[in-house]
Structure formats: structure tokens, C-alpha cells
Amino acid sequence: MRLGILGTLSLALMLISQVALAETVRIGFVTTLTGGAGAIGNDMRDAVELALDHLGRKMGDSDVKMFYEDDTFKPAVGKQKTEKLVKKDKVHFVTGYIWSHVLMASRNSAVGKGPFMITSNAGPGAVAGKLCHEDFFSTSWQNDQTTMAMGEVLNQLGIKNLYIMAPNYSAGKSMVIGVSRTFKGKIIGKDMTKFPAQLDFSAELAKIRAAKPDAVFVFYPGKHGLQFFKQYSQAGLKDEIPLYSAFTVDSLSLPRLKDLALGSLMTQFWAPDLDNAANKRFVADYRKKTGRYPTFYAAQSYDTIMLINSAVTAVGGDLSNKDGMRNAMRKANFPSIRGPFKYGNNHFPIQNFYLRKVVKDAEGNYTTSIVKTVYTNHQDPYAKDCKMSW
Amino acid sequence: MNLSPRIFIITVLMICLGAVPLIADGIDEPFYTVLFSRMLILSIGAVSLNLILGFGGMVSFGHAVYLGIGSYVVGIGTFHAVEDGVDWMANGFIHMAIAVAVSALAGLIIGAISLRTRGVYFIMITLAFAQMFYFVAVGNEKYGGDDGLSLYMRSDFAGLIDLSIDNSLYYLNFAFLLLSLYLCHRLTNSRFGMTLRGTKSNEQRMESIGFPVFRYRLVAFVIAGAICGLAGVLSANQTDFVSPAVMHWTRSGDLIIMVVLGGLGTLFGPVIGAVAFLLLEEFLSGITEYWQLFFGPMLVLVVIFARGGIDGMLVGLDRWWQNYFLKKKAEEN
Amino acid sequence: MNWILLLEQTLNGFQFGILLFLLAAGLTLIFGIMDLINLAHGSLYMMGAYFAATFTEWTDSFLLGALLALPACMLFGVILERIALKTLYTRSHLDQVLATFGLILFFNEFVRLIWGPIGLDIPLPELLSGSVELFFGIRYPAFRLVIIAVGILVAFLLYLLVSKTRIGMLIRAGASNRQMVSALGVNINLLYTIVFGLGAALAGLAGMMAAPIMTVEIGMGEGILIITFVVIVIGGVGSIKGAFVAALIVGFIDTVGRSFLPDILGLFVSNDVADTAAPAISSMLIYILMALILAIKPQGLFPPKGT
């Protein structure tokens, strides 16, 4: 009897010490949860939770605690929240980040201050080039890449005169630079609109009509994309001038755009119908959980958690072993929704880019499907400015 | 018996503010130093706004402009110091001098034009100027435009204070808050301050007695701008980041809310207001994502029922306290 | 110079101006008569859009949806006035700004709670969703033409209401001398409620007109609210005529500035600088205009007489 109690006690003690050994992994996730762009943040959060479900809410033996923070679409607020995550919640990883300007503002509060910083969407040139850092990773792409792929597509389509529109903030500028890098024709018009304030594009659409380009290329993330497509069609331009886009049509806007976007072409590193086991499981379970197709934001967020998991399990839950975790992440040794990929010296993925088209699936839902591969194992142009090598 | 609960509470608040870094280090939560540091800076901004809003009755809806000017002085200065190696542009004393000078000049121009108008026209024209400065910052590609500018160093005070240590910055902020309170106290109790208060309650009378009301107001406007410009310098150092958002019209609105919440036209009201505002924001947003659902109506209730703000409530507390003692005394007799 | 483009941009500016007028008319009336600065006017605009979206979904018709949303907005405005704003009439402008700012925060979260964070869409009937060919081969979105038509109609009805009816007479009297009206034994509370309801309906109408072009979403009224204030201040507070003229001026300047400034600036500075600076400068134009006008005429273009 006595022995029994003692035995139970010592077993309990052993268990407690085991738990104490495996420190809880604290992950900060800075995204936009309120306002017009709040839907994107919600989508990302759903994907993170799904990833954790797939992992059994544990990374190896360690428990996981998520800290979601709302940047309210403002760089200053994002920075403040990042600082709080690092200083107050003492997170091991600070991730999320939809917007390039929010990421740029927040970077200095995280990089070099202890935690790893992993962007789940934004990919401004600076952090891929001159400002690359051993503690900074990306599970998305560098901003220029997707539109560089679009430039190639436009060349192949024989487009000679192009009109470009994008919002006037850091990602918008990168996207324009990206397409100008590869597009061989002439850019006959360009409008950079105020972001996020400007939602009525009537003046710009009138200019497009007057300029008569062969094609229009736009980058309008989130709700702006939805409105641009609507107004483009209302202005009667939809049947006159073909419209190409990047990051403008996503699974959040498609159910609202419906036929307005059907057949629309875009470039991207991923699509819901990309054929690999990890992606199939992710898309199927995400749809089961939320009833929607996942956005690319969601896909990248899912990968963020999987990347962290690969790092934590590689060091057996010893979160003080940062070198070990860094080396593990550099291997990109996890089942990514984009299929196997490698990290470049700047910790940005070297990956494929595809041409996608808006289609209806068997049940009549609007989604996107891959038309062809534009780039195979493409590395961003800023990697050469990054002094880091390993 | 002569102890006033109001003075007691304000004294405790100021002492607590002074002890924040010690407490934060003690409980190993240095984040609170950062949070309260922000309160101190906004307090300075609110104190300066109170000078014209509370004492002078000028509802400026563009006061955040000076925060922006001060911030951009630091942002642009350190940008050139880091990028081009121009050492003197990192100097904190120079930052402060330029920020004060530019803010005062901006105040002079804005004031000279705006003060010709009254009422809602004044509110709107100060807003218009704030928007102009805002869009100048947005359109300035070199210094980050809409995206803002990350600071890669803080103002350099020639080894006197090392601002990269958060606690040093905190005490610098605290010192400037005390300084601005002292200045405000001296100013409002001087002949100048009395006249200014007079113009608030009855402009025509002051004019007919022979006071040049316009000039008095303009001077107050310029002083308030200059003080707030200093707060901008501190703010940039605090956040290591400068963007047009610091002078967005909602920021100006926040400053007004702080002043009114704390107590219009009282010395410590703006400090109380700023602390209460940021604590509420931190506290409510920690509880629920829908925190504005509660904050909004709270604001309405404060405006409708608590005239005089929190300081007004404290005055009420004082009165209750005195009555209580009078009654007690009467009973004893 | 491309004349067709200029003409089309003029139409765009006119359309934006009309939208601004719908908002400004209500705001300037409320301001002129009750002396109330109502920042929550933008929330009424938002509510109009949400009501229209919901009713359109129920009835499957934008026209029916809009017709139902209009009285709903008016009712909403009347309730708001009775519950919250009535107590603010006697307060200082500062108190009004703060309290109605609090209302904005509340309504934004309220809408999020009820309609969710994502926002809604109003599908247009087939007839209005495309563009039509006007004179000189100008193609113009059909629905934007509808906005212009509705706006002009409303402006005309307002003119009739204000200049030909008894209520209009009281409104005019109230805008120029408040004490006088109440001294005449008019039921001033009722007049206030009617005016507020009217203003709310106009703001709601603006919201439902804007909704199919843009999307229905939280906070949609805030950006446009500030511009509306600029409009009524330029026009002279309390003056409907002023609001109309100023709305058209502001709409025109905003659109034309956005359209032609990048090219004009490009003549003087490098293209990259112009690309960034142009949107900022064009946004600044209306504020510069307002400051200029107030510097010359401190009470706006059409100050109501007798104040």
C-alpha cells in the first residue's frame, strides 16, 4: 500500500520534471484582425490553428502557446505589438506579418533581440538583401518574384503595351519593380494610388481607357482587389482590355467576385490544387474546418508553424539551442504545402512560380487552378546583396 | 483635515510614475517601462494642448502635427547620420533645438491664419493644416513616404545620457514632463496666463479693455506647438520609428480625448487623462477584441455626466471629504 | 490634351461631388440648425450601406433594398437623436466632437458584431452593372450615371423643400437664427428630430449609392467624413447651396488632381518622385483650398445670414 503511494508519487514527480524540462514554445503572431483587412488575419489564424491541430497541439514534447496580436494595418501599431511580444511575452518566434511596411517597421524590435522572426507573407526587398539576418526567415516569397513571373507571362502572351496600377506603399513599389524587371514591352502608363485610403478608381480607369494598352496589370491585395475588379467591370473595360494581377484575387474575394473574375490570370507560388500530399491534406482539412478554400496567406501561415515545428523537434525542445534550430530551419525539412523546396542564403525560399486561373470546381465554388509552371526553383534578385552564407 | 484626497491621489500618481522603471525591473517586466514611457510622452503632448485648449479655449484639431515635426527631425537626422555619416545630425541637443524651432515656426504660421476664424471653422482649419503636413510626409519618398522610416539609432546626447537604455529614456521623458508641467504652471498663473484665460471666457471684454487678444492667443499657440515638438523628439526615440501616422487626424483626436478625459484647464488633468487613456486601451484590448464597443459609450458617458473629467471627479471627492469632516465636527459640537 | 479623357474625368468629379453633396447636405443642416458637430454622420453613411446590402439580399432586388433601407436609416437616425444626441445640443463643440467620436467607435464594433468583419457586397441588376455609351463615344459606367441622376433629383427636391414649404421656412429660419424660431412657439424638438431624420436618410442614401461601387465595410464612413466636413466648411455651415457648390468643387479638384497631377509633376521631377508625390499632393489640394478660402472668407463661401 505504502509502496504504491510512493510509487505513484515518484511517477508523478518524474512526470512533472519531464514537463518542466520541455519548455512551452511561445509563438507571437502579428497580423491584421480588425478593420477591412481583418478577414485576412482571420484566415491566417484559422490556418495556424489547423496546423497546430495537425501537430496534436504539440511540437515534439513541448506545449505550444500562441499570442495573436492585431496590427490594425498600421506600421506603428505592428511595431508596438512586436515589442510587447518580445519584451513582455518573451516569445521564441515572432511571425505573421501581412504587410511589408508593418514588417519593416517591426523588424528592429525583433531581429537581434532574441526570438526568430518569420514572415508569413510580406517580403520586402531590404530584408531579403542588405538587411538579411541569421534570425530572419520567410515562408512566403520575396515581393518582386511573383510579378517577375507575371512579366514573363506577359512576354509570352505577346503584350507590347502595358498599363500598371498598384497601391503606393512598399509592397506596391516592389511589385511594380518586379514586373518591370522582366517585362520586355513598353509600360505606357502607371498609377500609384493612395493606400489604403483610395477605394474609388474611376479617375485611373478613365486614364486606362484613354491610353488603350494591350493589357492591364494590377497588384491590389485584400479588399482593394475586390473593388478594383468590380469597378473595372462596371467601367466596361473587362471585355475590352485583358486584366492580369498578382495577390489581388484570393479565396476571400472569389466568393464575392464570382463571374467577374472567372478566367482571370495571375501568378503565384502555390495554388489550392497543387499536387502534393501536404497540400491536399491542408486544403481538404481547411475546407472541412472553415467551409472556405484557404488563401495563400493561410497556406503560408500553415507552413510557418510547420517550419517552427521542424526546428523545435530537431533540438528536442531545447529552445535555448538557437544554433540548432537555425540549422534545422535552413534545411527546410518539413512537408511544405508547396512541395519540397530549399532556402537561399538569405533565408527566402527558392521555389517554383505558377500561372493560375480562376475556375469553378465540381461543386460550383470559385477557386484557382494551375495553368503552367512559369519559373522552376526561382531565387529572388536581392539574394546576391545578402552577405550571409552558410 | 486639510488633507485633500485630490492632491494626495495626484501626488501618489506622480511618485508612481517616477518609480515605474524600478518597479518594472523589480518584477522583471521591463515592458511596462516602455508602456509608461509612451504615456509620459503623450502626457507632454496633452499638457501642451491643454495650454491652448483648456486655458485658451482654442479647439485645435491638428495638434499631432508637432508630434510629427519633432519625430521627423529625429528620423531625418539619424537617417543622414547613419546613411551618410554626418555625425552632427545624430546629436540630440540639435534635434531638440531644431524641433522646437520648426514647431514654433509651424505654430506661428498655422496660428496666424487659423486664429482669424472662430468655432468650427477654427477646428477645421487646424485640421486642414495637419492634413497638409501629413500628406507632405506621405509624399516624401526619400524619408519613407507612407511606409515610414525605421530609426537605426537614437538621438545622441554626447555621452551625457545613453538613450539606448530604456530606463534612461524613461527618466528623460519624466524630466521633460515635469519641466512642461512647471512651465505650464508658471505660464497660466502669470499675467499672460490670466489674460489668456480671460479671452476664453469673454473675448469681447478682453478686447475692449485693450488686450490684443489675437497676439496673446498666437503666442500661446506657438508655445504649445514648441512643447509638443519636443514630445515628438522623445516619441521618435521611444518608438525607433517615424511615420506619417503620428500626425494622422485620429492622433490629434486622441490628444483631445486625453485632455478632456483628464480635466480641461487643470494642471495635472492631461497627465491623468493620458495615463487613463492608455491604461484603458491596454486593459480593455487585453480582455476583448471588441474593446471599442465599451470604450466608445464610455467616452459618451464621460462627456455627458463627468464634466471636468477625472480631475473634476477628484474635486467632487474633495468636496465630499470636506463635507464629511464638517459634519463630523458639527456632530462633535 | 485628350478632350475625351478630360470630359470623362469631369463626369467622375461630378459624380464624386454629388456623393459628397448627399452627405454634406444632411451634415450642414444638422450643424446649421442644431449647432451640433456630428462626427457619427459617417456611421449613418455606413449604416445606409449595410441596411441596403441586407435588404437587397432579402428581396433580391437592389431597388427594393434601397427603398427599404431609406426609411430604416431615417428611423435609425431618429432613434439615435432621441437617445444620445439630444443631450448634446446645449454642449460645447468640443463635447460634441468627443461624444460623437465615441459613437463612431461603438457603431464600428456594433456592425462587426452583427454583420461580421468581412464586409458585404451589393450585386447590381444586370442593366446597371455595365457601361453605356454617351455622346462623343464616351463610355461611362451606368451606375455612376444613376448616382448623378439621383443626386441631382435629391438636390432639386431639397431645394423645393427648403424654399417652398413650411418646414423649409423653419429650417431656413433655424439656420440663421435659432433663438428666434423657438421664440415663435414652434415645437423645436420636433423640428430637430425631423431635420436629423432627414440628414440621416440623406447620409444613408449616399452610403447605399456608394456601396455597389466600393464594398460595404466597417469604417467606410470615416475617410469620406473628413472630406464632407471640408465641403460644408468651404460652403459655409448651414447653407445647402454652399454645400452643393463646395461638394462639386471638391469632387472635381480631387478627381482631376488625381488624374493629371502625376503627368504634370513628371515634367518637373523624375518619374519615381512624381509617382509618390502626386497622390499625396492631390490629396492635399482640397485642404489647401479650404485653408485659402477660410483665410479670405473666415465663414466660408456662403455664410448664412443673421448669425
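Does Val20(B) count as buried or exposed, and how many C-beta neighbours lie inside 10 Å? Val20(B) has 20 C-beta neighbours inside 10 Å and therefore counts as buried; the class requires 20 or more other C-beta atoms within 10 Å of the residue's own, with 12 or fewer for exposed, partly exposed in between, and C-beta atoms placed from the backbone.

This is a predicted model, in which local features need pLDDT of at least 70 and side-chain atom pairs count only at pLDDT 80 or more, while totals for chains, interfaces and linings use all residues. Residues are numbered from 1 along each chain as its sequence is written, and chains are lettered from A and ligands numbered from 1 in the order in which they are written.

**Chain B overall**

- Chain B contains 13 helices and 2 strands, where helices (H or I, at least four residues) and strands (E, at least two) are DSSP runs numbered from the N terminus.
- Its radius of gyration is 21 Å, close to the 20 Å that the globule rule gives for 333 residues, so chain B is as compact as a globular protein of that length. The radius is taken over C-alpha atoms, and the rule is 2.2 Å times the number of residues to the power 0.38.
- Along the principal axes, the C-alpha atoms of chain B fill a box of roughly 80 × 60 × 40 Å.
- Of the 333 residues of chain B, 50% count as buried.
- Among contacts in chain B with a separation of 6 or more, 77% are between residues 24 or more positions apart; a contact means C-beta atoms, placed from the backbone, within 7 Å.

**Surroundings of Val20(B)**

- Val20(B) belongs to helix H1 (residues 5–26) of chain B.
- Leaving aside residues up to four places away in sequence, Val20(B) touches Tyr32(B), Thr33(B), Phe36(B) and Tyr170(B).
- Asn167(B) is 147 residues from Val20(B) along the chain, and their C-alpha atoms are separated by 9.3 Å.

**Helix pair H10(B) and H13(B)**

- Helix H10 (residues 249–262) and helix H13 (residues 309–332) of chain B pack at an angle of about 5°, with their axes 3 Å apart. Axes are lines fitted to C-alpha atoms, for helices over the stretch in contact, and angles run from 0 to 180 degrees between N-to-C directions.
- H10(B) is therefore roughly parallel to H13(B), a class for angles under 35 degrees, with over 145 roughly antiparallel, 65 to 115 roughly perpendicular and the rest oblique.
- Val260(B), Leu261(B) and Gly262(B) of H10(B) meet Gly309(B), Ile310(B) and Asp311(B) of H13(B).

**Sheet of chain A**

- An open sheet of 6 strands has the order S2-S3-S1-S4-S5-S6 in chain A, with mixed pairing; two strands pair if DSSP finds at least two bridges between them.
- Its edge strands, S2 (58–59) and S6 (136–138) of chain A, each pair on one side only.
- In strand S1 (residues 25–31) of chain A, 6 of the 7 residues are buried, so S1(A) is largely enclosed by the rest of the structure.
- S1(A) pairs in the parallel sense with strand S3 (residues 62–70) of chain A over 7 bridges, and with strand S4 (residues 93–96) of chain A over 4 bridges, also parallel.
- Gly28(A) has Phe67(A) as bridge partner in S3(A) and Val94(A) in S4(A).

**Contact between chains A and B**

- 18 residues of chain A are in contact with 14 residues of chain B.
- On the chain A side, H3(A) gives the most, with 6 residues.

Definitions and conventions. Contact = placed C-beta atoms within 7 Å.
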